[in-house]
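Here are my notes on the model you sent over.

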Amino acid sequence: MTQIDMILAYIAENGSITQMEATAELGCTRLSARIWDIRNKLGIAVKETWETSLNRFGKPISYVRYSI
């Protein structure tokens with residue numbers, strides 16, 4: 001199973017994925033590159049939603065949640 005296959009399966013099962021989830025659950029450290037492949041090689045529309053949270057130091061951070 002390729003990383004693209006794992007990402008698509010993860011999104012199908014969980015509804016979305018973030019870089020942290022991709023790293024922890026799938027061992028994929030270049031999620032944005034695989035999302036590019038999904039969009040441009042497979043022609044699948046991927047939605048980006050920006051979210052904000054606090055990091056471990058209590059500072060706000062922004063990250064992308066990808067969904068189909």
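1. Where is the place of Ser16? Ser16 sits in the loop between α1 and β1. Keep in mind as you look that this is a predicted model.

2. Staying with that serine: is Ser16 buried or exposed? Its relative accessible area is 12%, and the cut-off for buried is under 20%, so Ser16 counts as buried. Leaving aside residues up to four places away in sequence, Ser16 touches Tyr10, Ile11, Glu21, Arg65, Tyr66 and Ser67. With one of these, Arg65, the serine also has a side-chain to side-chain polar contact of 3.0 Å.

3. Now the overall layout. The protein chain has three helices and three strands, and from the N terminus the order is α-β-α-α-β-β. Along the principal axes, the C-alpha trace spans about 40 × 20 × 20 Å. Of the 68 residues in the chain, 29% are buried.

4. Two more whole-chain numbers. If you take the contacts with a separation of 6 or more, 38% of them come from residues 24 or more positions apart. The chain exposes about 4700 Å², and carbon and sulfur atoms supply 53% of that.

5. Helix α1 covers residues 3-14, which is 12 residues. From first C-alpha to last it reaches 16 Å, close to the 16 Å expected at 1.5 Å a residue.

6. Which residues of α1 are buried? They are Ile4, Ile7, Tyr10 and Ile11. Looking down the axis of α1, these buried residues fall within an arc of 125°, so they line one face of the helix. Ala12 and Glu13, on the other side of α1, are exposed.

7. As for what that buried face meets, the buried residues of α1 pack against β1 (17-18), α2 (19-26), α3 (31-40) and β3 (60-67). Two of them, Tyr10 and Ile11, turned up above among the residues that Ser16 touches.

8. On to the strands. β1 and β3 run antiparallel and are joined by two bridges; Ile17 has Tyr66 in β3 as its bridge partner. Tyr66 is also on the list of residues touched by Ser16.

9. How many bridges pair β2 with β3? There are eight, again in the antiparallel sense, with β2 covering residues 47-54. The two strands form a hairpin with five residues between them. In the turn, Gly58 has a positive phi of about 80°. Leu54 has Pro60 in β3 as its bridge partner.

10. Last, have a look at Trp50, which lies in strand β2. Is this tryptophan buried or exposed? The relative accessible area of Trp50 is 58%, and exposed means over 50%, so the residue counts as exposed. Even so, Trp50 touches Ser62, Tyr63 and Val64, not counting residues up to four places away in sequence. Ser62 is 12 residues from Trp50 in sequence, and the two are 6.6 Å apart in space, C-alpha to C-alpha. As a reminder for reading strands in general, side chains in a regular strand alternate between the two faces of the sheet.

How values were computed:
Residues numbered from 1 in each chain as written. Predicted model: local features only at pLDDT ≥ 70, side-chain atom pairs only at ≥ 80, totals over all residues. Heavy atoms only, no water. Helix = DSSP H or I, 4+ residues; strand = E, 2+ residues; numbered from the N terminus. Expected span 1.5 Å × (residues − 1). Buried < 20%, exposed > 50% of the residue type's maximum accessible area, 1.4 Å probe, protein only. Arc of directions from axis to C-beta. Contact = heavy atoms within 4.5 Å. Polar contact = N/O pair within 3.5 Å; in protein donor to acceptor, adjacent residues only side chain to side chain. Pairing = 2+ DSSP bridges. Areas by Shrake-Rupley, 256 points an atom, 1.4 Å probe, with all protein chains shown as cover.
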